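Here's a quick briefing to read alongside the viewer. Load the model, pick a colour scheme you like, and follow along topic by topic.

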Amino acid sequence: MRTLIVGGSGFLGSELVRQSAAAGHVTAATFATKPGRTLGATAWHALNLRDPDRADVVVAETVPSVIINATSGGADWEVTAEGPARLALAAARYGCRLVHVSSDAVFSGARGGLYDEICHPDPVTPYGAAKAAAETSVRYLAPDAVIARTSLIIGGIGCEHVRLVHDLVAGRRSGVLFTDDFRCPVHVGDLAAALLELAASDERGVHHLGGAHAVSRHELGLLIARRDGLDASRLVPGLRADTALPGALDVRLDSRATQRKLRIPLRGARDFLAART
């Protein structure tokens with residue numbers, strides 16, 4: 001398999017590059033500012049998804065059999081919404097398979113409970129709206145693509161959620177962790193392996209890749225602190241409902257249908273944070 005990892009210098013992207021190269025795939029990756037640090041013969045290509053022509057050029061140069069889009073542009077509409085559309089056009093033009101990483105932010109949380117693959121997006125934030133727009137473009141322009149919705153991606157200190165916990169415990173940042181804000185965190189290694197497995201399969205359409213456990217932001221922080229030997233008592237609980245912060249409170253991805261198709265288990269946070277991983 002010839003893989004092109006778009007966003008290869010990011011947190012998820014770098015793990016995808018590592019696993020793809022380790023599996024013996026011919027691997028290329030893109031970066032926005034500087035190449036990532038990888039072993040082996042990974043070929044790096046500069047790619048600004050705001051550039052209307054650059055995605056086509058990179059795909060033509062790398063000739064991948066599969067493109068995995070792991071970019072993270074936040075609420076930047078050009079990167080998060082329009083960028084995937086350009087990738088989908090390039091994938092269709094050059095006959096590449098496309099795996100697009102989306103987010104549980106496409107849901108409002110208004111319905112409560114679990115969200116499975118047939119639930120329709122109803123975003124309530126600019127980021128969620130951009131992700132939902134990207135899904136629509138990808139489904140229309142590359143009908144055979146996989147759209148993989150995921151949740152909070154957890155790993156080592158390179159992970160923003162882990163850094164936040166370390167900073168709160170050390171007093172470098174102030175704030176609370178919400179006890180009423182629920183997600184299904186997934187380990188970055190599990191997620192990357194699942195994405196590569198889907199890339200090598202004949203699957204298409206929407207798939208959910210969340211971890212097996214729904215936990216609050218506060219419980220997640222406690223789990224990270226205990227794994228990393230930090231003083232968990234310094235993590236102050238709070239209610240997001242008492243703030244004016246936008247976004248969903250309770251979005252629990254139901255990943256059971258996708259999990260049944262995968263060899264790789266999508267572990268829950270209480271499992272993968274039980275020891276250093």
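Which residues does Leu16 touch, not counting residues up to four places away in sequence? They are Ile5, Ile68, Ala70, Ala192, Leu195 and Leu196, where contact means heavy atoms within 4.5 Å. Keep in mind that this is a predicted model, where local features need pLDDT of at least 70 and side-chain atom pairs count only at pLDDT 80 or more, while totals for chains, interfaces and linings use all residues. Residues are numbered from 1 along each chain as its sequence is written, and side-chain values use heavy atoms, with hydrogens and water left out.

**The sheet**

- Seven strands form an open sheet in the order S3-S2-S1-S4-S5-S7-S12, with parallel pairing; helices (H or I, at least four residues) and strands (E, at least two) are DSSP runs numbered from the N terminus, and two strands pair if DSSP finds at least two bridges between them.
- Strand S3 (43–46) and strand S12 (205–209) sit at the edges with a single partner strand each, so one side of each has no neighbour in the sheet.
- From one strand to the next, the twist averages 20°.
- Strand S1 (residues 2–6) pairs with S4 in the parallel sense over four bridges, and Val6 stands opposite Asn69 in S4.
- S1 is also joined by four bridges to strand S2 (residues 26–31), again running parallel, with Val26 in S2 as the bridge partner of Arg2.
- Four of the five residues of S1 are buried, so the rest of the structure largely encloses this strand; buried means under 20% relative accessible area, exposed over 50%, and partly exposed in between, using a 1.4 Å probe and protein chains only.
- S7 and S12 pair in the parallel sense over five bridges, and one of the pairings puts Val146 with Gly205 in S12.
- S12 is mostly covered too, with four of its five residues buried.

**The nonpolar cores**

- The largest nonpolar core has 25 residues, and the members that touch the most others are Leu12, Leu16, Ile68, Val99, Leu191, Leu195 and Leu209; a core here is a set of buried Ala, Val, Leu, Ile, Met, Phe, Trp, Tyr and Cys residues joined through side-chain atoms within 4.5 Å.
- Helix H1 (11–22), strand S4 (66–69), strand S5 (97–103), strand S7 (146–150) and H6 each supply at least two residues of this core.
- H6 gives the largest share of this core, eight residues.
- There's a second, separate core of 21 residues, with Leu47, Val59, Ile67 and Val79 among them.
- As background, nonpolar side chains tend to be buried together in soluble globular proteins.

**Helix H2 against helix H3**

- Helix H2 (residues 54–62) and helix H3 (residues 77–94) pack at an angle of about 40°, with their axes 9 Å apart; axes are lines fitted to C-alpha atoms, for helices over the stretch in contact, and angles run from 0 to 180 degrees between N-to-C directions.
- Ala55, Asp56, Val59 and Ala60 in H2 meet Arg86, Leu87, Ala90, Arg93 and Tyr94 in H3.

**Residues to click on**

- Ala194 is found in helix H6 (residues 188–199) and is buried, with a relative accessible area of 0%.
- Leaving aside neighbours within four places in sequence, Ala194 is in contact with Leu209, Leu262, Ile264 and Leu266.
- Ala194 and Lys261 are 67 residues apart along the chain, and their C-alpha atoms are separated by 10.0 Å.
- His161 is in helix H5 (residues 160–170) and counts as buried at 17% relative accessibility.
- Not counting residues up to four places away in sequence, His161 touches Leu152, Ile153, Ile154, Arg217 and Ile224.
- Ser108 sits in the loop between S5 and strand S6 (114–115), and at 13% relative accessibility Ser108 counts as buried.
- Leaving aside neighbours within four places in sequence, the contacts of Ser108 are Tyr115, Asp122, Val124, Ala248, Leu249 and Val251.
- Val63 lies in the loop between H2 and S4 and counts as exposed at 52% relative accessibility.
- Phi of Val63 is near 45°, a positive value in a residue other than glycine.
- Most residues other than glycine have a negative phi.
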